[in-house]
Amino acid sequence: MLQRLKTFSLSVLLSFSTLSYAVEANKTFQIDEVAQVNGIPWGMAQLDQHTLLVTILDGKLLRLNLNSGDADEIQGLPNITRIGQGGLLDVALAPDYRESGWVYFTYAHPTEEGATTALARAKLKDLSLIDWQDLLITEASSDKGQHFGSRIAFDGNGHVFFSVGDRGKRANAQDLKNHAGSILRLNMDGSVPADNPYVRHGNIKPEIWSFGHRNPQGLFFDQKTGFLWSNEHGPRGGDEINLIRVGANYGWPIVSHGKEYWAPLSVGEATSKEGMEDPAKVYIPSIAPSSLLIYRGQLFKDWEGDFLSTALALRHLNNVRLESGEVFETRFLEDLNERMRDVIEMQDGSLMISTDSGRILNIRPKDTSNLH
């Protein structure tokens, strides 16, 4: 039986070491390869019972038939810069998609300096996007290829959130005169909500909801609790899961649990500091978390309320439970040896996972009694 690692902390929920119990995936899960696509399938959104939208980092959008595995390319995307970690990033359906038809995207928008993260929306008509609208072209431009973010989440009350990395310049994350290193909140049409925390501060970008982030590539609004969560890449060590609070500073690069890439030296001044938010979970060594959800389905009965993240560097599906001041972590699918890019919960409660090798995998339990 697979066991769950339990780690303890005193004042905050932190995990400073990781031990995992290997499990052969084919003994625990039914894994079906839905499709093999060309390129890195960065983001996914389920259109209906039989159809998935998939973004390809190189700048393509696919409509995937879940029954046949056939993929049709959708036309109508704008000019997208493909540089480093930038390209066509996340895709998400508006909460009222059945009525409004809006599909939201983040992508690397070309600029004179290089590229920046942008949020846009469009409608899908057959195999074309129509009514394309760039809602916010962020002031986070750089010629560097690092740290674009970017995931999308909705609160269901007329707001859209999306994340932007520090673009490879650490000081950006503490500079509120730009959007880099922040999680942003907009109305669904791209306008700025009147109750955003900095909307009346002339020198601060009014779209900012939280700041001090390095590179958040997971973002999830939990409809059950009303909480917004992110996970983000630290440097060498120090990946984090964070509860996102309005107007809060998450410390990067002043506080970090990570080390410099060029030497075993700590990044920043400390691992915790007054006025800056402590993470709910720290990963040392880094797993490179690339997406985030809180499971609310019925198939994985013991996973209700658990965090699920895909991991790039340590190549697994990461499961975390925060419970009564303790952190429980389990790692699944390590034997697939795949850089896992995105995980979404499907309408039937199963999971869809994309990998950097181009695989789209559907995961469901064979026997839920041995998951914990």
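The lining of the largest pocket divides into 20 nonpolar, 5 polar and 9 charged residues, where Ala, Val, Leu, Ile, Met, Phe, Trp, Tyr, Cys and Pro count as nonpolar, Asp, Glu, Lys and Arg as charged, and the others, Gly among them, as polar. This is a predicted model, so to speak of local features takes a pLDDT of at least 70, and side-chain atom pairs count only at pLDDT 80 or more, while totals for chains, interfaces and linings use all residues. Residues are numbered from 1 along each chain as its sequence is written, and side-chain values use heavy atoms, with hydrogens and water left out.

The largest pocket comes out at about 960 Å³ and has 34 lining residues, with Ala 92, Leu 93, Phe 154, Phe 220 and Glu 345 nearest its centre. A pocket here is an open set of points on a 1 Å grid over the protein atoms alone, where a 1.4 Å probe fits, with protein on both sides within 12 Å along at least five of seven lines; lining residues have an atom within 4 Å of a point. Grid points are joined across faces, edges and corners, and the volume is the space filled by probe spheres set on them. Strand 15 hands over the largest share of this lining, 5 residues. Other elements that supply at least two residues include strand 3 (41-48), strand 7 (88-93), helix 2 (97-100) and strand 23 (340-345). Helices (H or I, at least four residues) and strands (E, at least two) are DSSP runs, numbered from the N terminus.

The second largest pocket, at about 310 Å³, is lined by 23 residues, and Gln 85, Asn 215, His 233, Leu 312 and Arg 339 sit nearest its centre. Its lining splits into 8 nonpolar, 9 polar and 6 charged residues.

Strand 17 (residues 239-244) is joined to strand 18 by 3 bridges, the two running antiparallel, and Glu 240 stands opposite Val 282 in strand 18.

Then there is the largest nonpolar core, with 22 residues, of which Tyr 104, Leu 119, Ile 152, Phe 154, Val 160, Phe 162 and Ile 208 touch the most other members. Strand 12 gives the most to this core, 3 residues. Such a core is a set of buried (under 20% relative accessible area, 1.4 Å probe, protein chains only) Ala, Val, Leu, Ile, Met, Phe, Trp, Tyr and Cys residues joined through side-chain atoms within 4.5 Å.

How values were computed
Pairing = 2+ DSSP bridges. Buried < 20%, exposed > 50% of the residue type's maximum accessible area, 1.4 Å probe, protein only.
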